Amino acid sequence: MSHPPTRRRLLSLAAGTAAAVPLVHTGAAATAAHAAPATPAVAPTPPTWAVRPFTLDQVSLGEGVFRRKRDLMLDYARAYPADRILAVFRANAGLDTRGARPPGGWETSDGNLRGHFGGHFLTLVAQAYADTREAALKTKLDYLVTALGECRQALADHGSPKPSHPGFLAAYPETQFILLESYTTYPTIWAPYYTCHKIMRGLLDAHTLGGNAQALTIAAKMGDWVHSRLARLPKEQLERMWSIYIAGEYGGMNEVLADLYALTGRAEHLAAARCFDNTALLDACAEDRDILNGRHANQHIPQFTGYVRLSDHTGEEKYADAARNFWGMVVNPRMYSLGGTGQGEMFRAREAIAATLGDNNAETCATYNMLKLSRQLFFHEPDPAYMDYYERGLTNHILASRRDVPSTTSPEVTYFVGMGPGVVREYDNTGTCCGGTGMENHTKYQDSVYFRSADGTALYVNLYLASTLRWAERGFVIEQTSDYPAEGVRTLTFREGSGTLDLKLRVPSWATAGFTVTVNGVRQRVTAVPGSYLTLSRSWRRGDRVAISAPYRLRIERALDDPTVQSVFYGPVLLVARSPETGFRSFSFYKDFTLRGDLADSIRREGRPLHFTTHGLTLAPFHIADDARYHAYFERSEPVVVFGTTDSGVPNRAGPDGLTFLDVLWARAPFTTSGRFVRAVRTLADAWLSEGRFNRAERDRVVTAAVGANLRHRSS
């Protein structure tokens, strides 16, 4: 399937054309002073949620890499001039731009997506304020909202052309929305409702996180305008609009309108949300029919978060079924090892992983939205698989997407994250979609560390990040100390409060080397199954300490379409080989194995935490975000059945599933004695013989090699 050039490609063609812009008025200077907390404005929690989140201000990050990356983005939020964000809105409304120039990228004075970056910036500042309670951030947020209110009023009073409804607010005239209704395609127009969503989402965040009442008023008026435009259109026309590549991309309009309805209770806002049903895809996913191949990934992912919210408000299970099935069509079948999806912004065929590796994989926006969808699904059904994915995507894509350098002029985040050999991450992305979501990503790391049950009797510990939870309703203050993503013991300490509580500790799917828990130094007799939650039920008291140990192991993950194309992980951490070569590196591990069958026999630790060496290359954790070329995948080369230095000379053939003789054998490790090892080789060789993958002579040579290998005497 062929498509117009991606938006990233259009941006690259225009790179370097923006002139340097002087800094202008920000609305307030950055300060460490703290404001009094704003009045909470949280929407009612749907009764359908079995699990509920904590607000950003209830969880604070402790020391570590997550906090350091967060602080880089906080510095950007404090310093970036508000008037530059507002320039495109003021110009469209005929107001004084105060000498400010737009940010650049897609956010230019004539850009067809202008205004979207401003919506993301609202969310950035709202999240930053909710986290830090800094007075200067609150002042900046209120300044932005007040200015947007002035723009909306100016458009309603004397817009040229005058909007069709006084609730209209955008950084360009209503023209793009009108053209979409006549099926105008990209790039004549871009994605008008996508831009609308970002602005509305930013306003709702300014209200719910920043306590700004005017922001809700503006968002409600925008919702009224959306209803006035779309409610009059035939369903067939709407469906055709939403099927148009990029021009019909509407982000999470259904989600934000459903959230708006929860705050206003106005039926028009829920009706407007339902106008965004993308029926053909919605029906297919509800029926678990996978038709994603060739579709624009980030155009569709946020639609399903909206469907979950519509299910909350309408009770229609079809919406929830579609979202659950869609998630299963992406996670694993279309997932690269870092947790991202897509090639060149597009979904590819199921299990086409090795076949699609290049420099344009894993659009960062898509992972941002997959994490949001995972959260929403978990609220309804606390399946640990959702949090296993969340941990993967957060640790190996989102954390890795912020460059490890300070900047107050650029968000310094990734767009595509290539998974091909010898690629390099590209940062900046001022004004792009991923620049916008990137600003948000790094100021909400704590949003899914802890959840609580609907009745308040259970606390879910989903992520082992250094953090402190302040659960006022239960009187608990719980501090978690952790070096995550580095290996180590995680300790939960009850600093304040007492009472009965079910503490649900996530046992990650990668925790195959054990998962032990102690309470006040006493080991608990519990069964920890990887990919589940372990529950500790007791009456907790101030000072109680829960220590969790889950040792990391080196492991490989195979590409679904080619098992010889593999990634290396250490526990939850993706390791990438540092190498400038642009072809796949070839790795062979089995020749180094001892009876324990551990990759640590072949991949050696370096002196630095989470760093290893193999085949003369350094393996580094991918969340270290620099300019080095890397290999997230390598080609596994195990051509001959070899045990240590003993070579059988027999080809290491694969079965129908792509797994070789040695793959199957070493999956049964560790072997406690050489005798057990030899028996395992003999049994498997007999099976390979009976299935026609070995002849008799080859079977005998393999067994003879196993007998002579004497692996127990090799160093471990």
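Predicted model: local features only at pLDDT ≥ 70, side-chain atom pairs only at ≥ 80, totals over all residues.

Me: What makes β13 and β14 a pair, and how many residues lie between them?
Reply: Strand β13 (residues 554–559) is joined to β14 over 6 bridges, running antiparallel, and the requirement is at least two. E557 has S567 of β14 as its bridge partner. The two strands, β13 and β14, form a hairpin with 2 residues between them.

Me: How do you know that β14 also pairs with β15?
Reply: There are 3 bridges between β14 and strand β15 (residues 573–578), again antiparallel. The cut-off is at least two bridges, so β14 and β15 count as paired. V568 has L575 of β15 as its bridge partner. In the hairpin that β14 and β15 form, 2 residues separate the strands, and G571 has a positive phi near 60 degrees.

Me: Why is β14 called mostly covered?
Reply: A residue is buried when its relative accessible area is under 20%. In β14 (residues 562–570), 7 of the 9 residues are buried. By that cut-off, β14 is therefore mostly covered.

Me: What share of the residues of the protein count as buried?
Reply: For the 716 residues of the protein, the share that count as buried is 60%. The protein exposes about 25,600 Å², and carbon and sulfur atoms supply 50% of that area.

Me: How many helices and strands does the protein have, and why is it called as compact as a globular protein of that length?
Reply: There are 20 helices and 23 strands in the protein. Its radius of gyration is 27 Å, and the globule rule gives 27 Å for 716 residues; the two values are close, so the protein is as compact as a globular protein of that length. Along the principal axes, the C-alpha atoms fill a box of roughly 90 × 60 × 50 Å.

Me: What share of the contacts between residues at least 6 apart in sequence join residues at least 24 apart?
Reply: Such contacts make up 71%. A contact here means heavy atoms within 4.5 Å.

Me: How many positive and negative side chains are there, and how far apart are the centres of the two sets?
Reply: The protein has 79 positive and 73 negative side chains, with the centres of the two sets 4 Å apart.

Notes
Residues numbered from 1 in each chain as written. Heavy atoms only, no water. Helix = DSSP H or I, 4+ residues; strand = E, 2+ residues; numbered from the N terminus. Rg over C-alpha atoms; globule rule 2.2 N^0.38 Å. Buried < 20%, exposed > 50% of the residue type's maximum accessible area, 1.4 Å probe, protein only. Areas by Shrake-Rupley, 256 points an atom, 1.4 Å probe, with all protein chains shown as cover. Lys, Arg positive; Asp, Glu negative; His and termini not counted. Charge placed at Lys NZ, Arg CZ, Asp CG, Glu CD.
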